[in-house]
Amino acid sequence: MTDRPIDRARSILEAAVSPPDDFGELAELTRQLSPEDLGDLIPLAWRVRGQPGLDRRIEPLASSIEFSGKQAVFRAQSFDEGLSALRWLIDNWTPEPSPDPRYSPEDVKLSRIIHLLRSMILRMREEPEAETRSRLQKMLPLLDRRHQPEERLAAASLAQDPAAIATALAAWQASTKGELARTERGIYAKAGALPLIRFLEHRYLPYGAQPDPEARDAFATLVASTPDYADFARSIVEQAVIRMADIAEGRVSYKADGAFVVDDCGAIARAVMFGLARSEQWCMAAIGPIWRMASVAPDPKAKTMPSQSLTLQLANATIYEPRPEAISIMRDVAASCRHAGVKKKLERLLRTARSSLIARPEGLLDLPADEPISKDMQLPFRDAVQSLMAEPAALPAVLWLQRFGPDRKHAWNLSRDLIWQVVADGKDMAVTAMPVHSGKTLQWRLQDNGTRPFDPNDLVRLWHPVETPDELAKEWRFRLEENGQNQPFPQAGREIYRPASSEMDGRVISAFAGQMISGTPLMGLARSQGWRFGFDNELHLHLSGVDFTFSAGARAYPGSGGGGTTGNLWLVGPQKRLDQVPGRILSEVMRKTDLLVSVGGRS
């Protein structure tokens, strides 16, 4: 029986006292580990790093673990072991001298240990035991030497040290000039250690980037842990409306980019993001006026604007919580903006927001029945429906009727030409059928042209051919051709993918490895398909609650050129094996990966 990846990785690390030849194998093994397994392994790597004479050889080994393409996370036990390993390094590790004579070996050691402690704190996912908190309290002074006050606040909260919490919070609030931001930070400090840590790890949301699901979840967890935040968010959004109206109507003197300090713009944008996520009426009513007034100077000849930062941060909030109404406002703001540079940025961000909406279709699908779909949103709406091909969960038939029934014209025009899987309430047997509406009667038409009455107690989801015998797909293709129906996207004729049977008990799909690709077209397509740029040459995709990483071979960052050779597609989690992932999700992620490789290869 072969060792598990983590067992083999441990054995390599434990043998590192005699320089092993299998550091390359270790780097490959770390890709197969879950974030929790990586957290368990890192303390051992740190102890190996500190052994005399091994520092130069162990550096690439440790880096392969610490920066393996996915973030390690620490549980209570691995965090405790990590603190012990850092204490051991402080007492025993003598790093090689720095080439800069200004830094002594002790400075180099402390700098590295402080960095490791900070990284470990920001990846903590469980409350530590009392003994661990006591050990962490003794190490808190290390963080006072450098790093930001918010990181010291996270560490103090984790250690449950009231005096250190008060000191760090005061320093964090003093580091901003924004009154709104100071109040916001005080509210965040009440959330508790773990929600605050997750938020701080993902607090920087770059303009134009595909949304990071972990960043979105971290913010949602933080504000859910602070009961005061909802009232605060509404209050500062309403204050922003009043402030912008005063500037627009001349009650406050106009100054280019002077409406708010930058940190206050971030606080307002996060409040808007909170409101968009909950479809709060106060947010929907306020986002249009704020955005339009922030992006255009009162003087119709001026090309400046009251707040570039707020204009762009509202765009980022819309990317992270895409709503059709907000995207329509963004389109209008981009069209009316007179600042050439900001206008170009908004146009680019608008494309990203639309692709973000496709990745999170619930915003479009939950539009009121009488809400029209604008022409520029028809394609995103179709793609939003198509994204349900990867969704294994079924809808109650009543909810399906609200989203896709005949009363919703824009949705019915698509759903009537699609094949749905219908499961009777309390039964395992499913049938595939297409909806038919005649007069006031809604029925399901089966592939043999029989009918089934619409039952509000049924469960309904979009049918995926990977989950049924191939003969069924052939029958449906024949029936569609016979009836002269064209589907809005490939379904009955959809390409289906399955990992090799030998790979199903692991995390790796090797079908796309070893292909020569060009980076430029691949990266452009990756962005439009919802992939996020990761470490080095990696792309990340979050699909129906499951995370995947693809080694693209070419440098994975915007504007990258050149080419390379593709690597494997990896399951990151939360499942630990491919056979634990629904077949439709595997087929769809492989379909997206195949498209990337095909486009990159042809170029």
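**Reading the charged pairs**

A: Let's start with one side chain: at a relative accessibility of 34%, Asp 332 counts as partly exposed. That label sits between buried (under 20% relative accessible area) and exposed (over 50%), using a 1.4 Å probe and protein chains only. Before going on, note that this is a predicted model, where local features need pLDDT of at least 70 and side-chain atom pairs count only at pLDDT 80 or more, while totals for chains, interfaces and linings use all residues. Residues are numbered from 1 along each chain as its sequence is written, and side-chain values use heavy atoms, leaving out hydrogens and water.

Q: What does Asp 332 meet in a salt bridge?

A: Side chains of opposite charge can pair when their charged atoms come close. The rule here asks for a side-chain nitrogen of Lys or Arg within 4 Å of a carboxyl oxygen of Asp or Glu. Asp 332 meets Arg 292 that way, at 3.6 Å from N to O. The two belong to distant parts of the chain, 40 residues apart: Arg 292 is in helix H15 (residues 281–295) and Asp 332 in helix H17. Helices (H or I, at least four residues) and strands (E, at least two) are DSSP runs, numbered from the N terminus. Arg 292 is partly exposed too, at 39%.

Q: How many salt bridges does this rule give?

A: The count comes to 23. One of them joins Arg 216 and Glu 321, with the closest N and O atoms 4.0 Å apart. Arg 216 lies in helix H12 (residues 213–224), and Glu 321, 105 residues away, in the loop between helices H16 (308–320) and H17 (324–336).

Q: Are Arg 216 and Glu 321 buried or exposed?

A: Arg 216 is buried at 13% relative accessible area, and Glu 321 is buried at 11%.

Q: Which side chain meets Glu 588?

A: Arg 494 does, at 2.9 Å from N to O. Here a helix pairs with a loop: Glu 588 is in helix H25 (residues 583–602), and Arg 494 is between helix H23 (470–483) and strand E7 (508–509), 94 residues apart. Glu 588 is buried at 6%, and Arg 494 is buried at 6%. Elsewhere, salt bridges with shared partners tie Asp 80, Glu 131 and Arg 135 into one network.
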